[in-house]
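Hi,

Here is the structure I promised to send over. Have a look at it first, and then read on for what turned up.

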Amino acid sequence: MKRIMFVCLGNICRSPMAEIIFSDMVAKAGRSDEFIIESSATSNENVWNGTGAPVYPPAREILERHGLSSDGKRAVQLKADDLDKYDMFVCMDRYNVRSVSRILRGGDDKIRMLMDFTHRPGDVSDPWYTGDFETAYRDIYEGCEGLLEYFTKPEG
Ligand code: 4NP
């Protein structure tokens, strides 16, 4: 079992998109039983009183346009005890990497950047600032493809 935690600042745009896109990709590959897939925030901005904010409407819309539902996803914050519960913490940008390392108080060998699984490493385009959810979707989709490929070891 591979336990994957996607992380961004707010857990209402990029990391929920990654969770939902990667879960769908894995399901379509018939490999859902190989993965535990979650997402969380480095900030407590959208945790509210423990209820958690739903996925930000423009992110919901772009996912829906690609046939994916965000129903039921609520923002949660990454916690120190998640370190032992997951095998990989996949960050959307370089600031997330620093925050995740601080929250987990270690585990740096488990922290990765999503776009490092593509041919164009760097930050996922941040739709909170660009307003461009389509570009963010494309970055995240490509990163998820690379991530799934990473976990596809050739047999024999
Ligand atoms: P996310 O986007 O990190 O992709 O979920 C953001 C959500 C909220 C804020 C920033 C980015 N914020 O400043 O509240």
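A polar contact here is a pair of N or O atoms within 3.5 Å. Please also keep in mind that the model is a predicted one.

Let me start with the ligand, since that may be what you open first. An oxygen atom of the ligand lies 3.2 Å from a polar backbone atom of asparagine 11, within the 3.5 Å cut-off. For isoleucine 12, a polar backbone atom is 3.0 Å from a ligand oxygen, and for cysteine 13 the corresponding distance is 2.9 Å. On its own the ligand has 350 Å² of accessible area, and the protein covers 89% of that. The residues around the ligand are Cys8, Leu9, Gly10, Asn11, Ile12, Cys13, Arg14, Glu45 and Trp128.

Next, the sheet. It is open and has four strands, in the order β2-β1-β3-β4, with parallel pairing. From one strand to the next, the twist averages 25°.

Here is how the strands pair up:

- β1 (residues 2–8) runs parallel to β2 and is joined to it by seven bridges; phenylalanine 6 stands opposite serine 39 of β2.
- β1 is also parallel to β3, with four bridges between them, and valine 7 has cysteine 91 in β3 as its bridge partner.
- β3 and β4 pair in the parallel sense over three bridges, where valine 90 has arginine 112 in β4 as its bridge partner.

In a regular strand, side chains alternate between the two faces of the sheet. Strand β3 (residues 88–91) is covered on both faces: Met88 and Val90 on one side are buried, and so are Phe89 and Cys91 on the other.

Serine 40 sits in strand β2. Its relative accessibility is 1%, so serine 40 counts as buried, the cut-off being under 20%. Leaving out residues up to four places away in sequence, serine 40 touches Met5, Phe6, Val7, Cys8, Asn11, Ser15, Val76, Gln77 and Leu78.

Aspartate 139 belongs to helix α5 (residues 133–150). Is aspartate 139 buried or exposed? It is buried, because its relative accessible area of 6% is under 20%. The side chain of aspartate 139 makes a polar contact of 2.8 Å with the side chain of arginine 120. Beyond four places in sequence, aspartate 139 touches Met115, Arg120, Asp123, Val124 and Ser125.

Aspartate 116 lies in the loop between β4 and α4 (127–130). With 41% relative accessibility, aspartate 116 counts as partly exposed. Setting aside neighbours within four places in sequence, aspartate 116 is in contact with Pro121 and Gly122. Its C-alpha atom is separated by 26 Å from that of arginine 74, which is 42 residues away along the chain.

Best wishes

Conventions
Residues are numbered from 1 along each chain as its sequence is written. This is a predicted model: local features need pLDDT of at least 70, side-chain atom pairs count only at pLDDT 80 or more; totals for chains, interfaces and linings use all residues. Side-chain values use heavy atoms; hydrogens and water are left out. Helices (H or I, at least four residues) and strands (E, at least two) are DSSP runs, numbered from the N terminus. Buried means under 20% relative accessible area, exposed over 50%, partly exposed in between (1.4 Å probe, protein chains only). A polar contact is a pair of N or O atoms within 3.5 Å; within protein, one must be able to donate a hydrogen and the other to accept it, and residues adjacent in sequence count only if both atoms are side-chain atoms. Contact means heavy atoms within 4.5 Å. Two strands pair if DSSP finds at least two bridges between them. Axes are lines fitted to C-alpha atoms, for helices over the stretch in contact, and angles run from 0 to 180 degrees between N-to-C directions. A residue is near a molecule or strand if one of its heavy atoms lies within 4 Å of it. Accessible areas come from the Shrake-Rupley method with a 1.4 Å probe; for residues, only the protein chains shown count as cover.
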